[in-house]
Amino acid sequence: MAEMIIKKVRVDGLFEAMKDFEVYGPITKDMITRYQKTTGTPDLVFKSSRKPPKEVFFPQTEKMFDLVKDGTRFVGAKDVPPGDKPILLFGLRPCDGRALNVLDELFNWDYTDPYYVDKRKKSTVIGLACTLPAMPKDNCFCTSMGGSPGSSEGMDMLWVDIGDSYYVESLNDKGNAILELGKGIFEESGDDVRSSAGKAIEDAANAIDRKLDTSGVRDALAKSFDYNYWDEFSKRCMGCGICTFLCPTCHCFDIQDIVKNGEGVRQRSWDSCQFDYYSIHASNHNPRPEKKNRQRNRVYHKFYYSENKLGLVGCVGCGRCINLCPVNIDIIEVIQGAKELSQ
Amino acid sequence: MVDYNAMTQEIRAKAKAMLENKEVKYIIGWERGANSFISRPVIIRDAGDTDRLVWNPGCVDNLTRYLVEEMQYKPKRGEEPDLGPVGIIVKPCDSKSIVELIKENIVPRERVKIIAVTNIGTVETNKLRKVLQKIPQDKRAGIDILQDDNEFIIKYDGGELKVPRPELLANKCETCVTHNPVIHDVVIGDKIEGFEADKWADLAELESMSPEERWKFWEDQISKCVRCYACRDSCSLCYCAECVFDKEKPFTWIDKTVDVSNNMFYHLVRAMHLAGRCVDCGECERVCPVNIPIRKLNRLLLKSAKDRYKIYPGMNPEDKPMFGSYDIADPDEVV
């Protein structure tokens, strides 16, 4: 584990040295931050992104393969060659880094998903710790979900803003390769730098005011499946896809064959368990016919099923679903309510 | 100064009386949000719960979408249909939605008891988030927002913050056409007069663009869309039991592909389906997670309906719907 610092004025130089990478970084436009492909230096001061960085490895719409045509009929498939450039994801927030852990487990679970895994393998992830004043945002609760504003899970390198420079910690070989690439740009670090980085992270952690006591959540959910409770709070749900599409760990997709101008492709696009047609069967039977079934599924998937299957809780406490829900369905309140009822 | 506290008390009393007298099955209203100054929708069935109801400038939701849900509810097997009236609390802008729903035979007038408030304006959620940065985080929990003609007053634990009206006022309120409800059984609050403004000022910039520039503008905006369909789901007039964009059998009308072409198809079709019907309640724009100015698209059509056919939806239940009426003097140069 190598520790260095980089002066803020020299960051542009580093991005110049990293131009062999396909760089994705936080870009803010119309007050919204997204991780987008960039050729310059991405934004270094930003709140957590509106659309989660999962879209870098798992785009909202992704081509799987081309359909091969014989005359007027489609008879086969032709793989799309993956891009050969290494990917650099810069500026990942610690909660989103932990979300990558969940997605890594998921896409390598019973079946290895080549599209996600290929991109992930050739990626280097540089995280940016949450420090005041940009972070934390309203409704951040990563510290309750086992994370922290300085967590380096899911990353190859972590940067911490310490005023006029960043404290840089390389976590593995991929991180060391970046240090190598930026030789002369990174400078030696010292104990005082490490302690001021620790202080910045601690200050950010102290500023997080929302808390969720996760002890006993699984027992509570094991008991409360049939409670009327799920109906009560989900009455106000509108059934839109905000909480799932903008969740850093949600990963459901739907596969469609698209034929346009005689050319066909198979592609997948994000889908949401909050849509009523998500679970509809060919017979027209819908096992989750009401909003209560769908909201309950979201909560159980995050806090119950995910742990059964992957051994990881599916919520990292980024707070996006709370901030963006138009009718204030608050996952912290929902979990606490279920816990109280089942006691 | 608007006395929100007195109005809240009055709403609670009316709601309580309605529930106790069994005039309504339940009341759709707003309650205080969790850890939030923004209020949220609540359904009150028990007269004892009416103290949960609130009224303040953070009551941003148009609750009429829950009214539509009630009207479209299909009883389960063995369940007796209950066609009794429901109570709903509406702002003046939301009352226009009810008028339109009555015009379109979705809501029978006798099935709804309308408690309407007069309102000089609500807050814009996005703007409020910015303003709240000025208040220490640990003091934000018990916030109250008050308002007079010129400013919003945010009261928090141990202090208050005065914010000039335009810095916090919802965009839709800047072009409001009615501060008094257009339909009601009970009105709460004093009649509001004044607040005249140029109702179409916000469209001037778009209208001055060339068609190419305007297309570019919308392409930029629409490319951000994540197709969460919150704009549709929040809309009280998007009430089709099966939306054309959800239809999968026997085929889909739209790909799930998120690109400019499919997004544009979605937004243009939705806008056209609302032409002459949209009452400009502003919900679509409020709920959008990626800040697309959806209202502008609908307002361009609203203005067009007004200029061309002298139709402004949502003002009078006796009016005929735009697509259901014809006048020999209607402009017909495109036919």
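Me: I am new to this structure. How many helices and strands are there in chain A?

Reply: Welcome! Chain A has twelve helices and twelve strands. Please keep in mind that this is a predicted model.

Me: And what does the secondary structure of chain B come to?

Reply: Chain B comes to eleven helices and eight strands.

Me: How do I read the radius of gyration of a chain?

Reply: The idea is to set the value beside the one that a rule for globules gives for a chain of that length. For chain A, with 343 residues, a compact globule would have a radius of gyration near 20 Å, and the chain has 22 Å, which agrees.

Me: What is the radius of gyration of chain B?

Reply: Chain B has 21 Å, close to the 20 Å from the globule rule for 335 residues, so it is as compact as a globular protein of that length. Its C-alpha atoms fill a box of roughly 60 × 55 × 40 Å along the principal axes.

Me: How should I read burial?

Reply: A residue counts as buried if 20 or more other C-beta atoms lie within 10 Å of its own. In chain A, buried residues make up 41% of the 343 residues. In chain B, they make up 41% of the 335 residues.

Me: Could we look at one strand closely? Why is strand β9 of chain A said to be largely enclosed?

Reply: Strand β9 of chain A covers residues 165-170, and six of its six residues are buried, so the strand is largely enclosed by the rest of the structure.

Me: Which strands pair with β9(A)?

Reply: To read pairing, look for the bridges between two strands and the sense in which they run. Strand β1 of chain A, residues 2-7, is joined to β9(A) by six bridges, and the two run antiparallel. One place to look is Ala2(A), whose bridge partner in β9(A) is Ser170(A). Strand β8 of chain A, residues 157-161, also pairs with β9(A) in the antiparallel sense, over five bridges. There, Leu158(A) has Glu169(A) as its bridge partner.

Me: How many residues lie between β8(A) and β9(A) in their hairpin?

Reply: Three residues lie between them. In the turn, Gly163(A) has a positive phi of about 100°.

Me: How do I read domains?

Reply: Chain A is divided into domain 1 (2-56 + 66-206) and domain 2 (217-341). Their C-alpha centres lie 26 Å apart. The contact takes 28 residues from domain 1 of chain A and 23 residues from domain 2 of chain A. On the side of domain 1 that touches domain 2, α3(A) gives the most, with nine residues. That side divides into 13 nonpolar, five polar and ten charged residues.

Me: Where are the domains of chain B?

Reply: Chain B is divided into domain 1 (4-188) and domain 2 (201-324). The C-alpha centres of these two domains lie 24 Å apart. In the contact, 23 residues of domain 1 of chain B meet 21 residues of domain 2 of chain B. The largest share of the side of domain 1 that touches domain 2 comes from α3(B), with nine residues. By class, that side has ten nonpolar, six polar and seven charged residues.

Me: Last one: how many residues does each chain give to the contact between chains A and B?

Reply: Chain A gives 32 residues and chain B gives 32 residues. The elements of chain A that give two or more residues to this side are α9 (242-245), β11 (253-260) and β12 (263-270). Of these, β11(A) gives the most, with three residues. By class, the side of chain A that touches chain B has 13 nonpolar, eight polar and eleven charged residues.

Definitions and conventions:
Residues are numbered from 1 along each chain as its sequence is written. Chains are lettered from A and ligands numbered from 1 in the order in which they are written. This is a predicted model: local features need pLDDT of at least 70, side-chain atom pairs count only at pLDDT 80 or more; totals for chains, interfaces and linings use all residues. Two residues are in contact if their C-beta atoms, placed from the backbone, lie within 7 Å. Helices (H or I, at least four residues) and strands (E, at least two) are DSSP runs, numbered from the N terminus. Ala, Val, Leu, Ile, Met, Phe, Trp, Tyr, Cys and Pro count as nonpolar, Asp, Glu, Lys and Arg as charged, and the others, Gly among them, as polar. Domain bounds come from an automatic or database domain assignment. A residue is buried if 20 or more other C-beta atoms lie within 10 Å of its own, exposed if 12 or fewer, and partly exposed in between; C-beta atoms are placed from the backbone. Two strands pair if DSSP finds at least two bridges between them. The radius of gyration is taken over C-alpha atoms; the globule rule is 2.2 Å times the number of residues to the power 0.38.
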